[in-house]
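Please look over the model below before reading on. The notes that follow are grouped by topic.

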Amino acid sequence: MTTGAPTPSSAARPPRSRLRTFLPLGIAVWLVLEIWLLTVVAGASSGLTVFLLLLAGFVLGAVVIKRAGRRAFQNLSQAVQQGTAPASGGGSGLMMLGGLLLMIPGLISDALGLLLLIPPVQKALARYAERVVERKLDKAAPGTLGDAFQQARMHRPDGKVVQGEVIRDEPGSDAPQGPRPPLTR
């Protein structure tokens with residue numbers, strides 16, 4: 001049954017990005033490798049050894065995520081109490097990712113999770129991610145989401161705060177409004 005609307009040609013569609021093309025294939029290959037490696041280790045030792053390895057990875061991952069979350073919450077609450085911005089570079093996000101990879105069943109994900117728990121690896125990945133984000137933001141065209149992030153990143157070195165007041169002009173409310181208290185920090 002046709003609706004009379006012309007079908008869009010394939011030229012009208014934007015091309016698929018490499019990530020959208022290869023991500024499902026990469027996940028499938030990763031899953032096959034994980035299962036193959038588990039069967040190899042189970043054949044070399046026993047199924048109980050593999051089960052204990054997976055259980056230890058899950059427990060260690062849960063402990064790492066809990067500790068990293070607690071550290072991030074303490075940093076945030078301390079920053080709120082002091083009235084400053086939270087300290088960056090704590091590595092809590094990468095530690096949580098490492099814990100999550102440890103909790104995912106599989107030996108390859110466990111190895112990657114343990115690798116993310118090493119502080120020099122965390123620092124190197126954090127620097128790399130920061131450079132990638134900076135490059136993406138520099139390439140962003142005005143009026144895009146990247147431009148909004150660039151504007152949000154701008155800060156004044158003198159720390160001045162411009163105080164203001166919102167006045168709503170609502171039709172039908174002609175009642176005089178009293179003075180409002182000044183905005184304070």
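**Briefing on the predicted model**

E34 counts as buried because its relative accessibility is 4%, where buried means under 20% relative accessible area, exposed over 50% and partly exposed in between, with a 1.4 Å probe and protein chains only. This is a predicted model, in which local features need pLDDT of at least 70 and side-chain atom pairs count only at pLDDT 80 or more, while totals for chains, interfaces and linings use all residues. Residues are numbered from 1 along each chain as its sequence is written, and side-chain values use heavy atoms, with hydrogens and water left out.

- E34 belongs to helix α1 (residues 18-44), helices being DSSP runs of H or I with at least four residues, numbered from the N terminus.
- A polar atom of the E34 side chain lies 3.1 Å from the backbone nitrogen of I108.
- Leaving aside residues up to four places away in sequence, E34 touches P105, G106, L107, I108 and S109, contact meaning heavy atoms within 4.5 Å.
- Within helix α4 (residues 107-116), the residues L107, S109, D110, G113 and L116 are buried, and their cover includes α1, α2, α3 (92-103) and α5 (119-139).

**Confidence**

- The mean pLDDT, the predictor's confidence in each residue from 0 to 100, is 79 for the protein, and 66% of its residues reach 70 or more.
- Among the elements of the protein, α4 has the highest mean pLDDT (93), and helix α6 (residues 145-153) the lowest (50).
- Over residues 150-155 pLDDT stays under 50, and the model has four contacts beyond four places in sequence for them.
- Where pLDDT is low, the predicted coordinates should not be read in detail.

Key:
Helix = DSSP H or I, 4+ residues; strand = E, 2+ residues; numbered from the N terminus. Polar contact = N/O pair within 3.5 Å; in protein donor to acceptor, adjacent residues only side chain to side chain.
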